[in-house]
Amino acid sequence: MPSELDWNVVELPRFAWPGYFAIRPARLVRNRITGSADAQLPLGPILSTPTDLLDQLLAFAELGPEDHLVDLGCGDGRVLVHAGSAFGCRVTGVEKDSRLVVRARARIDSAGLSGRVHVLEADARTFDLSEATVVFLFITAEAVGSVVGGIRSRDFEGTIVSHEQRFVEGPTSPKESTILVGTDSLTVAHRW
């Protein structure tokens, strides 16, 4: 059953709601079975990017082999591994939680990508983005505006891609937004 937080945060376009009602209960059941839960941090809940959306999200980022993708708040490293293996680019993950850093590094090692994909235990708000060409985020729509504004204030001129279950508006409105539908996932992707 969706929590009260779901009803307050999620603002999908009306035509997309049937997909959400089909996907959210399945995701809650999976979380219950696997023992994972939506933890809360200052920027919102900790959620993993659904693997069935990775190709679409990274293609939306216009990611190529010459890029250096930085995933701020990389979690378990699934985006890192997929970007490094499927798109052939250099990838850096930034994660504050040491337990997730260990999981991400194990995922990278098991994929054989240690030479091209790295994870650093650091604060995403102060991480040096001077070598990045693409920044990837999965945070709430409420937090994304201030985070994108903070990234732009550090003179980052590359592409920023975020996804969430609603459209983002305000002074840092994205250049483009699109709805992406996976096998059992649905998201709204944004590009600045």
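Reply: A residue is called buried when its relative accessible area is under 20%, exposed when it is over 50%, and partly exposed in between. Please keep in mind throughout that this is a predicted model.

Me: Is C74 buried or exposed?
Reply: The relative accessible area of C74 is 5%, and the cut-off for a buried residue is under 20%. C74 is therefore classed as buried.

Me: What is the relative accessible area of C89, and how many disulfides does a search of the whole structure find?
Reply: C89 is a buried residue, because its relative accessible area is 0%.

Me: Which strands do the buried residues of α6 pack against?
Reply: Helix α6 covers residues 141-153, and its 13 residues reach 19 Å from the first C-alpha to the last, close to the expected 18 Å. Its buried residues include A141, V144, V147 and I151. The strands against which the buried residues of α6 pack are β3 (68-72), β6 (134-137) and β7 (159-164).

Me: Where does E62 lie, and what is its relative accessibility?
Reply: E62 is not a glycine, although its phi is positive, at about 55°. The loop that holds E62 runs between α3 (54-60) and β3. E62 counts as exposed, because its relative accessibility is 56%.

Me: How many residues apart in sequence are the parts that R90 and E131 tie together?
Reply: The side chains of R90 and E131 form a salt bridge with an N to O distance of 3.0 Å. R90 belongs to strand β4 (residues 90-95), whereas E131 belongs to the loop between β5 (117-121) and β6, so the parts tied together by this pair have a separation in sequence of 41 residues.

Me: Which residues do salt bridges that share partners join into one network?
Reply: The side chains of R191 and E176 meet in a salt bridge at 2.1 Å, N to O. This pair links distant parts of the chain, with R191 in strand β9 (residues 186-191) and E176 in strand β8 (residues 176-181), 15 residues apart. Through salt bridges that share partners, one network is formed by E62, E176 and R191.

Me: What ring does R191 lie over, and at what distance from the ring centre?
Reply: R191 is buried, because its relative accessible area is 13%, and E176, its salt-bridge partner, is partly exposed at 34%. R191 lies over the face of a ring, at 4.4 Å from the ring centre, and that ring belongs to F60.

How values were computed: Residues are numbered from 1 along each chain as its sequence is written. This is a predicted model: local features need pLDDT of at least 70, side-chain atom pairs count only at pLDDT 80 or more; totals for chains, interfaces and linings use all residues. Side-chain values use heavy atoms; hydrogens and water are left out. Helices (H or I, at least four residues) and strands (E, at least two) are DSSP runs, numbered from the N terminus. The expected span of a helix is 1.5 Å times one less than its number of residues. Buried means under 20% relative accessible area, exposed over 50%, partly exposed in between (1.4 Å probe, protein chains only). Contact means heavy atoms within 4.5 Å. A charge sits over a ring if NZ of Lys or CZ of Arg is within 6 Å of the ring centre and within 35 degrees of the ring normal. A salt bridge is a side-chain nitrogen of Lys or Arg within 4 Å of a carboxyl oxygen of Asp or Glu.
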